[in-house]
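Hi,

Here is the structure I said I would pass on.

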Amino acid sequence: MPRISVKVDGIAYEEDVEPRLLLVHLLRERLGKTGTPAGCDTSNCGACTVMLDGKTVKSCSVLAVQADGSDIVTIEGLAANGSLHPMQRAFHEEHALQCGFCTPGMVMAAIDLVRDTPDPSEEAIREGLEGNLCRCTGYCNIVRAVKRGAQEMGQAVKSS
Amino acid sequence: MTEVGKARRRKEDARLLTGRTRWTDNLQQPGMLHVAFLRSPMAHARITGVDVSAARELPGVVAVFAGQDVAGEQGSLPCAWPVSDDIVIPEHPPMAVTEVRYTGEIVACVVATDRFKAADALEAIEVDYEPLPPVIDLETALSPDSPKVHETGNQAFSVKITSGDLDAAFRDAPVVIDRTYVQQRLIGAAMEPRAVLVSTDGDTFTMWTSTQIPHVLRVMLAMVTGVPEHQLRVIAPDVGGGFGTKLQVTAEEVLCLLLCRKLGKPVKWAESRTEGNLAVHQGRGQLQHIRLAADSDGRIRGLQVDLLADMGAYLMLVTPGVPMLGATMFNGIYKMDAYEFACKGVFTTKMPTDAYRGAGRPEATFAIERIMDELAAELRLDPIEVRRRNWIKHEEFPYTTIAGLTYDSGNYEAATDKALQLFGYDKLRAEQADRRDRGDPVQLGIGVSTFTEMCGLAPSRMLGEANYGAGGWEHASVRMLPTGKVEVVTGTSPHGQGHVTSWSQIAADALGVPFEDVTVVHGDTAISHKGMDTYGSRSLVVGGVAVLQACEKVREKARKLAAHLLECSPDDLDFADGAFKVKGTDSQTTIQELALAAFAAHNLPEGAEARLDSDATFDPVNYSFPHGTHLTAVEVDTETGHVKIRSYVAVDDVGKVVNPLIVEGQVHGGIAQGIGQALYEEAVYDAEGNLLTATLADYLLPSAADLPDFVTDRTETPATSNPLGAKGVGEAGTIASTPAVVNAIVDALRPHGVRDVPMPCTPERVWRALEGGRA
């Protein structure tokens with residue numbers, strides 16, 4: 001079995017993995033990172049979205065061996081020093097989650113979107129989140145949250 | 001301090017936003033084994049042999065069972081709603097033994113040391129099938145020469161309800177409209193796939209499962225499996241959406257319990273999305289034949305409804321009850337002289353249908369709201385005007401409808417006027433006329449839907465009259481902890497609805513304690529011992545009221561203790577902001593201090609118990625009847641058939657609101673799901689009974705890019721059937737939006753000779769309807 005090294009949410013792991021093991025199963029079944037859920041098996045829903053070396057991937061569509069040597073951030077690693085990431089805060093303020101199952105992937109996708117497009121229009125947000133499905137919210141409040149989160153992320157950049 | 005009515009941010013969020021979740025599939029037990037199910041690839045076949053010997057030899061495989069191995073102990077999955085005396089409820093083995101009747105039915109299972117080994121071993125099981133003819137089409141299923149799903153035939157039940165003189169209503173009626181509508185089958189597709197984990201200490205069993213109904217499930221599992229109810233604990237941990245699909249007693253739950261009992265080890269099963277599409281009960285599935293008779297001024301004389309309802313292969317928990325939830329709703333918000341509802345339940349070789357958001361009421365609302373537009377078109381009246389001429393006026397409430405329900409309150413005029421104003425109706429009609437004049441290839445359509453629904457399920461007495469197998473009450477307990485903090489235990493079982501937040505608001509007001517000092521516990525039969533769970537827009541209007549009433553009992557106990565300690569009569573105490581104050585003095589004590597005094601119990605009134613804790617069981621006297629008016633403008637490309645929703649306005653009247661943020665979120669999500677039915681979603685079976693939409697690549701859920709921002713507003717006519725004045729909101733958006741969107745599409749295309757587009761209104765179907773209109 002191949003041995004891989006990954007860093008997940010700041011912690012280094014070395015694991016022997018079957019070549020077929022998916023990244024999402026490495027995270028959930030082997031490393032106990034159950035904050036990232038698996039929703040569909042066909043990369044349609046986006047619930048399993050994580051950051052791999054700074055860019056979002058759907059972790060059901062990446063083999064664990066492909067992630068060898070990479071730095072992964074999941075929803076569990078976003079809040080720093082007990083303080084929510086601005087996008088997490090914005091989702092709370094705008095009531096952008098109900099059951100919360102799509103939320104980890106949605107938040108990760110939203111952060112990636114805003115890094116590429118710091119001041120996204122409503123249309124850009126809707127297009128940008130097309131690969132992340134939510135069955136509860138009808139997306140209205142998610143769009144509002146991403147706008148708010150983008151503003152707060154922008155201010156955080158300016159003040160740093 | 002008033003919490004009720006405040007847009008409180010949710011207490012639930014922080015955990016969900018940081019990944020500290022407890023989805024069933026996240027949970028582990030020491031020594032846990034993993035279950036995988038082998039499912040039938042055929043819609044209808046006799047099982048002539050199952051060979052599991054090769055699978056048993058594979059590494060990591062602990063056990064393999066076929067239907068025959070559990071036939072004596074698996075029981076039959078329950079149907080709790082025998083809607084008529086003639087109903088046929090076939091045996092429904094959780095694991096098929098001799099015959100499979102839908103694609104995806106379980107035929108064998110593997111228990112292994114990890115989920116991958118379990119899945120691998122499925123491929124080593126050999127099943128011999130002798131194909132039998134599938135039964136797919138509802139109409140031909142009832143013909144005498146149709147192949148049979150069950151030996152008893154393909155009719156599950158037949159019901160007819162009449163009110164008024166239908167013959168007189170149709171005789172010499174100036175206008176008769178006759179239409180057939182198809183309610184396609186839908187897949188609920190909650191984002192969290194189902195999962196079940198069962199563990200045992202050899203005596204008692206604990207089941208964690210992704211369910212909406214831990215309490216109902218426990219009772220039913222005890223009845224099906226013989227595991228005594230008191231030795232069975234059911235926990236619904238975090239549940240990622242339900243929409244009715246998790247209102248079920250599933251084969252997988254029963255089998256996991258049996259496997260745990262057989263092996264004495266914890267077992268877990270986690271569903272793949274394809275398994276979910278195949279084998280989670282589906283929604284809708286009706287062929288609706290509707291006739292409406294009217295006078296030449298548009299006044300409705302009578303309505304005749306003739307339904308074929310697709311049951312699928314078996315009757316599950318409330319399968320036959322779903323069309324019956326629409327039996328008294330096809331008349332909608334309108335007055336009429338006569339009404340007839342006839343429905344036949346039909347067996348087919350497809351996954352059983354059952355509750356899906358709205359359950360029976362969206363189907364009914366769709367039919368009446370579509371045919372009201374046809375009536376308007378026939379009479380060349382504005383579709384809003386024809387509704388106005390027929391609806392119950394606000395001064396006529398309470399109003400007993402032709403179908404026999406008493407609508408307690410409502411104001412259809414106010415909701416409609418507000419919606420028209422927000423929508424800019426006249427301006428959009430002008431644009432529509434302009435586009436028609438110009439022959440613009442992109443035409444504008446305007447769709448309206450006015451609706452009400454019976455929800456807040458439900459008065460136990462009425463459920464009994466409808467042959468439902470249980471009551472509709474709800475329970476709450478309030479525990480006053482020694483430090484003055486409050487634990488509310490509810491029998492409702494939220495899976496996204498924010499009960500922890502809303503129930504905290506109700507308790508904070510009723511007890512006069514800070515919102516932050518209240519916690520809400522739910523979804524565990526060992527902690528919340530009584531409950532009827534969450535479905536049918538019932539949680540607030542039944543369960544929320546139980547919370548309020550339990551708090552009121554706490555307050556009355558506290559008043560007696562306060563009077564004793566302050567040495568006055570209970571009547572001399574005023575209660576405000578959580579404190580009892582002796583009238584005309586500064587002498588006072590708070591309810592939180594009294595909690596400690598009750599705990600210490602050093603100085604209680606004679607005969608008083610050492611607690612303020614109280615509980616309440618609320619059973620409403622009537623259903624509640626939220627209503628609303630939804631308007632949408634759609635652009636239809638007449639060259640490609642593409643439909644784009646340009647604007648959507650919803651004005652809902654859900655009575656008194658506890659948390660407007662949560663209410664708005666429910667409306668948003670409901671609208672999106674209803675739009676899904678109108679434009680995108682359909683569970684498609686081919687002629688052989690294969691499901692062609694077994695993944696989310698084939699079954700289209702609306703994405704953010706497919707939907708506009710929704711404009712929502714409310715009118716507020718309090719319900720009179722409960723002390724909160726609330727009516728329920730979970731299903732409203734779904735009920736209203738489907739007909740609004742289809743009405744808009746047909747409205748855009750009516751000058752092209754189109755009078756219907758079957759759902760989902762895909763570009764191809766819109767284009768074909770246009771071609772038909774041109775022909």
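Predicted model: local features only at pLDDT ≥ 70, side-chain atom pairs only at ≥ 80, totals over all residues.

**Where chain A meets chain B**

Let's start with the contact between the two chains. Chain A brings 44 residues to it, and chain B brings 52 residues. Together they bury about 4,200 Å², with carbon and sulfur atoms giving 56% of that area.

What about charges and polar pairs? There are 7 salt bridges between chain A and chain B. One of the pairs to look at is A:E93 with B:R9, a salt bridge whose closest N and O atoms are 3.4 Å apart.

Which elements of chain A give two or more residues to the side that touches chain B? They are α1 (23–30), α2 (86–93), α3 (103–116), α4 (122–128) and α5 (140–159). The largest share comes from α2(A), with 4 residues. Sorted by class, this side of chain A has 17 nonpolar, 15 polar and 12 charged residues.

**Inside chain B**

Chain B is divided by the domain assignment into domain 1 (13–132 + 191–241 + 246–279), domain 2 (283–457 + 622–774) and domain 3 (473–618). Note that domain 1 and domain 2 are each written as separate stretches of the chain.

I looked at how domain 1 and domain 3 of chain B meet. Their centres, taken over C-alpha atoms, are 39 Å apart. The contact uses 15 residues from domain 1 of chain B and 16 residues from domain 3 of chain B. About 1,200 Å² is buried between these two domains, and carbon and sulfur atoms give 52% of it. On the domain 1 side, B:Q212, B:H215 and B:R233 lose the most area to domain 3, together 47% of what that side buries.

B:R233 turns up again in a salt bridge: its side chain meets that of B:D524 at 2.7 Å, N to O. The count of salt bridges between domain 1 and domain 3 of chain B is 1. There are also 8 residue pairs in polar contact between these domains, again with both residues at pLDDT 80 or more. From domain 1, α7 (214–225) and β11 (232–235) of chain B each supply at least two residues of the side that touches domain 3. By class, that side has 9 nonpolar, 4 polar and 2 charged residues.

An unreviewed UniProt entry lists residues 18–133 of chain B as "domain: Aldehyde oxidase/xanthine dehydrogenase a/b hammerhead". In the model, that span is 14% helix and 30% strand, and its end C-alpha atoms lie 51 Å apart.

**One more pair, within chain A**

Over all chains, the structure holds 76 salt bridges. One within chain A joins A:K55 and A:D116, with the closest N and O atoms 3.3 Å apart. A:K55 lies in strand β4 (residues 55–58) of chain A and A:D116 in helix α3 of chain A, so this pair ties together parts that are 61 residues apart in sequence.

Best wishes

Methods. Residues numbered from 1 in each chain as written. Chains lettered and ligands numbered in written order. Heavy atoms only, no water. Contact = heavy atoms within 4.5 Å. Buried area = accessible area lost by both parts, 1.4 Å probe. Salt bridge = Lys/Arg side-chain N within 4 Å of Asp/Glu carboxyl O. Nonpolar A, V, L, I, M, F, W, Y, C, P; charged D, E, K, R; others polar. Domains from an automatic or database assignment. Polar contact = N/O pair within 3.5 Å; in protein donor to acceptor, adjacent residues only side chain to side chain. UniProt positions renumbered as here; feature names shortened; annotations may be inferred.
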